[in-house]
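Here are my notes on the model you sent. Please read them with the structure open.

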Amino acid sequence: MSSSEPLSFFGNPSSPYTRKMLSLLRYRRIAHSVIWGSPDAAPKHLPKPKVGLLPTFYFRMDDGGFEAVVDSTPIARRLEQEYKGRSAIPADAELAFYMALIEDYADEWLTKPMFHYRWHHDADRQHAGRFLSFTSDTSQDRESAENRAEAFTKRQFERLYVVGSNDQTAEIIETSYERFLGILDSMLEDRPYLLGNRPSVADFAVFGQMTQLGLVDPTPRRLMLEKAPRLEAWLWKTDDLSGLELAGCDWSETGGIRRALAPLLDEIAQTYQPVLLANAKAVMNGATQFTADVHGREWTQPTFPYQAKCLAELRDRFASLDKPAKKACAATMTANNCGAMIEGLT
């Protein structure tokens with residue numbers, strides 16, 4: 001794509017993945033044009049994606065047409081290949097692996113409290129219905145907005161089970177979120193970004209989920225302000241890092257990052273890892289749901305084939321590391337109880 005042609009995509013302020021990619025584009029200083037809405041409303045010259053997800057990006061092809069692309073993780077990697085400068089992926093292979101792991105945790109686990117808080121509690125549910133209604137069309141009349149909000153709320157409340165949210169798992173999800181607030185707060189006390197003095201894709205992935213948890217939805221926002229007020233400032237600053245000058249800013253040395261990541265890796269080991277592994281086994285066996293032990297509590301939800309793919313890709317990333325990076329990552333993962341995520345590949 002020509003560097004002078006803005007990269008267009010459909011998104012919505014209520015989508016954590018839209019916010020992830022918008023903040024990444026701003027930081028990378030990639031010219032872009034965000035269209036608030038659904039790709040269903042795209043003009044005829046733009047193709048519809050195979051799966052209707054937000055954000056939907058449109059990359060120019062060699063024949064002059066466009067390719068509709070979804071899934072923020074591969075899009076972030078594609079941007080690294082097609083747009084040079086202000087990289088958001090560390091050159092150090094070990095750091096890049098930790099970045100990918102945190103991004104995956106944010107995209108696939110933190111979205112559980114995001115979806116849970118938004119639709120499980122009545123006050124949040126009422127707020128979210130109106131918020132989503134007006135983000136889809138700010139010019140609609142109040143009655144239309146209320147009707148649309150009611151439809152949004154009913155549909156999303158009935159889909160809570162998809163991410164594993166129910167009365168049995170509510171405490172698991174909420175205590176996990178509260179622990180994460182403390183972990184993130186502590187990490188940002190020592191350095192401005194997760195891997196050092198410059199942001200990586202991991203920061204933008206966490207940022208995306210936290211825009212909803214910490215800035216939009218009432219209950220998780222209140223918890224964040226009570227337990228980790230630093231995070232509100234971090235979120236507002238991370239929203240637009242286009243003005244961040246990188247002279248003298250770099251990611252930290254691997255030794256320091258291994259120590260800094262220990263609490264987060266342990267949290268991943270106790271929450272995301274057992275769900276990821278149980279889901280992958282269930283998908284392989286053709287089961288429609290699975291049960292896992294999460295922090296000593298029973299977790300049951302429908303299988304999610306995409307997360308089986310996430311585990312496979314994480315293992316592929318580990319397998320592709322050179323020998324020194326693989327040895328270092330294996331030692332760090334094992335020391336923090338995450339070894340099962342790369343089991344059999346050390």
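1. A definition first, for the helix pair below: axes are lines fitted to C-alpha atoms, for helices over the stretch in contact, and angles run from 0 to 180 degrees between N-to-C directions. Keep in mind that this is a predicted model.

2. Helix α2 (residues 72-82) and helix α3 (residues 93-120) cross at roughly 145°. Their axes come within 11 Å. On the α2 side, the contact uses S72, T73 and R77. These meet M99, A100, E103 and D107 in α3. By class, this contact of α2 with α3 has three charged, two polar and two nonpolar residues.

3. Next, the sheet. Four strands form an open sheet in the order β2-β1-β3-β4, with mixed pairing. The edges are β2 (32-36) and β4 (66-69). Each has a single partner strand, so one side of each is left without a neighbour in the sheet. Direction ignored, neighbouring strands are turned by 20° against each other on average.

4. Strand β3 (residues 56-60) pairs with β4 in the antiparallel sense, over four bridges. Y58 has A68 in β4 as its bridge partner.

5. Now the whole chain. The protein has 13 helices and six strands. Its radius of gyration is 20 Å, which agrees with the value near 20 Å for a compact globule of 346 residues. The C-alpha trace spans about 60 × 50 × 45 Å along its principal axes.

6. Buried residues make up 53% of the 346. The protein exposes about 15,400 Å², and carbon and sulfur atoms supply 51% of that.

Key
Residues are numbered from 1 along each chain as its sequence is written. This is a predicted model: local features need pLDDT of at least 70, side-chain atom pairs count only at pLDDT 80 or more; totals for chains, interfaces and linings use all residues. Side-chain values use heavy atoms; hydrogens and water are left out. Helices (H or I, at least four residues) and strands (E, at least two) are DSSP runs, numbered from the N terminus. Contact means heavy atoms within 4.5 Å. Ala, Val, Leu, Ile, Met, Phe, Trp, Tyr, Cys and Pro count as nonpolar, Asp, Glu, Lys and Arg as charged, and the others, Gly among them, as polar. The radius of gyration is taken over C-alpha atoms; the globule rule is 2.2 Å times the number of residues to the power 0.38. Buried means under 20% relative accessible area, exposed over 50%, partly exposed in between (1.4 Å probe, protein chains only). Accessible areas come from the Shrake-Rupley method with a 1.4 Å probe; for residues, only the protein chains shown count as cover. Two strands pair if DSSP finds at least two bridges between them.
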